[in-house]
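Keep the viewer open as you read.

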Amino acid sequence: MARSLFITVMISTALTLLVAGACVAGAASAPDNYRFYCAQCHGLEGYGDGPNATKNQPVEPRDHTSAYEMGKLTDEDISYVIKDGGIATSKSTLMPPFGKTLTDAEVTELVSYIRKLCNCSAR
Amino acid sequence: MKSFVTIFSVVLAILFLFYAATPTFAGSSESGKKIFKKNKCIACHQIEGPAREKTIADQMKRKGPELWYAGSKFKAGFIEVWLKNPEVIRPMEYYSITEKNRGDHIKLNSADAADVATYLESLRSGAVKPVGIQPAVDRKGRIIFSKSQSCYGCHQVLSRRGRVVGGLTGPSLIGAGKRLNPDWIYAYMTNSTAFKPVKDMPIYAGILSNTDMAALAAYISTF
């Protein structure tokens with residue numbers, strides 16, 4: 001009797017942990033987020049050549065591998081631009097706001113990911 | 001006067017006969033469901049709600065738009081016409097950023113298209129409220145669409161000179177007025193997670209107000 005109670009408790013604890021884990025798993029890794037949300041404009045490798053960068057668009061997506069361009073931005077600038085869109089750094093609204101789509105932690109991870117793409121920091 | 005009444009009743013009678021004799025093209029939902037199964041439409045299209053995707057990986061497994069709210073999303077009549085002549089709506093393969101849409105969607109004959117359309121139109125979602133959005137070339141809607149949010153960044157539209165412009169990853173909005181229920185556009189903007197909890201389009205609820213969304217929905221409905 002005591003043993004079956006023990007097993008029941010163990011199983012329900014394991015299940016609770018599993019369910020809790022699944023909820024936390026809502027946040028995705030920076031490479032996954034980049035591929036899903038950003039690559040459509042910035043390209044899979046960040047060169048600014050995603051499928052939305054058509055010839056007739058008035059502004060090209062930023063080349064995230066350009067140390068020259070990305071060096072103009074502080075980490076804070078990048079984080080604001082991801083959350084509030086191009087308007088945050090007085091750039092084109094073709095850069096959309098992801099503040100309600102990504103969590104703050106996901107944005108922070110994206111900033112480091114983009115820093116790796118340009119291999120640069122703010123000048 | 002008397003002859004007018006006579007003519008009027010004759011016309012009425014003819015109209016009545018015409019209506020009574022016209023065969024109805026209304027399809028059968030039962031049969032539509034069978035055709036849907038037989039053609040394995042289910043391999044790409046989800047027909048049971050609510051949306052359950054939690055992660056990007058869940059969404060990436062989907063091969064075509066979910067249809068469990070098709071009757072609330074599409075305008076009456078659109079599905080039947082489209083199934084007979086399926087023109088590309090999404091320039092890219094579903095959620096792909098490397099593959100163009102091959103435009104090889106299955107084509108149905110008239111009878112099957114009518115049945116499947118009737119079936120799909122029966123699939124509805126309570127998340128689409130009858131708000132009564134009407135198509136309107138609204139100044140506010142236009143400014144949000146082309147200036148403050150640049151929706152054309154991902155969605156194709158016709159330029160003022162009638163050229164196809166815009167990005168390729170979102171569904172084209174050319175013909176959106178013929179395709180989409182304006183109230184669905186509003187519901188999708190204000191409460192997108194009810195339809196697609198994970199999607200590559202940003203969530204605008206909390207960024208745009210409900211009034212902005214209504215203006216946008218009215219504007220897009222004129223496309």
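This is a predicted model: local features need pLDDT of at least 70, side-chain atom pairs count only at pLDDT 80 or more; totals for chains, interfaces and linings use all residues.

Start with the interface: chain A and chain B bury about 2100 Å² between them, and carbon and sulfur atoms give 65% of that area. For the complex, the predictor gives an ipTM of 0.86 and a pTM of 0.86.

Who takes part in the contact? Chain A brings 23 residues and chain B brings 30 residues. On the chain A side, look for A:Phe36, A:Pro51 and A:Lys100: together they supply 28% of the area that chain A buries against chain B, more than any other three residues. Sorted by class, the side of chain A that touches chain B has 12 nonpolar, 8 polar and 3 charged residues.

And what about polar links across the interface? The count between chain A and chain B is 11 residue pairs in polar contact, with both residues at pLDDT 80 or more. Salt bridges are another matter: the rule finds 0 of them between chain A and chain B.

Now for the rings. Over all chains, a search of the whole structure turns up 16 aromatic pairs. One to zoom in on is B:Phe145 with B:Phe223: the ring centres are 5.2 Å apart and the planes stand at 90°, so this pair is edge-to-face. The pair links distant parts of the chain, with B:Phe145 in helix H7 (residues 139-148) of chain B and B:Phe223 in the segment after helix H10 (210-220), 78 residues apart.

As background, most residues other than glycine have a negative phi, and most peptide bonds are trans. In chain B, a cis peptide bond joins B:Gly49 and B:Pro50, with omega at about -5°. You'll find B:Pro50 in the loop between helix H2 (29-38) and helix H3 (56-60) of chain B. Over in chain A, A:Asn119 is not a glycine, yet its phi is positive, at about 50°. A:Asn119 sits in the segment after helix H5 (104-118) of chain A.

Finally, a word on confidence. Chain A averages a pLDDT of 87, and 79% of its residues score at least 70. Over residues 15-25 of chain A the pLDDT is below 50, and beyond near neighbours in sequence this stretch has 1 contact in the model. Chain B averages a pLDDT of 92, with 89% of the residues scoring at least 70. Its residues 17-24 have a pLDDT below 50, and beyond near neighbours in sequence that stretch has 0 contacts in the model.

Note on methods: Residues are numbered from 1 along each chain as its sequence is written. Chains are lettered from A and ligands numbered from 1 in the order in which they are written. Side-chain values use heavy atoms; hydrogens and water are left out. pLDDT is the predictor's confidence in each residue, from 0 to 100. Contact means heavy atoms within 4.5 Å. Buried area is the accessible area (1.4 Å probe) that two parts lose on being put together, summed over both. A salt bridge is a side-chain nitrogen of Lys or Arg within 4 Å of a carboxyl oxygen of Asp or Glu. A polar contact is a pair of N or O atoms within 3.5 Å; within protein, one must be able to donate a hydrogen and the other to accept it, and residues adjacent in sequence count only if both atoms are side-chain atoms. Ala, Val, Leu, Ile, Met, Phe, Trp, Tyr, Cys and Pro count as nonpolar, Asp, Glu, Lys and Arg as charged, and the others, Gly among them, as polar. Rings of Phe, Tyr and Trp (its six-membered ring) pair if their centres lie within 6.5 Å; planes under 30 degrees apart count as stacked, over 60 as edge-to-face and the rest as tilted. Helices (H or I, at least four residues) and strands (E, at least two) are DSSP runs, numbered from the N terminus.
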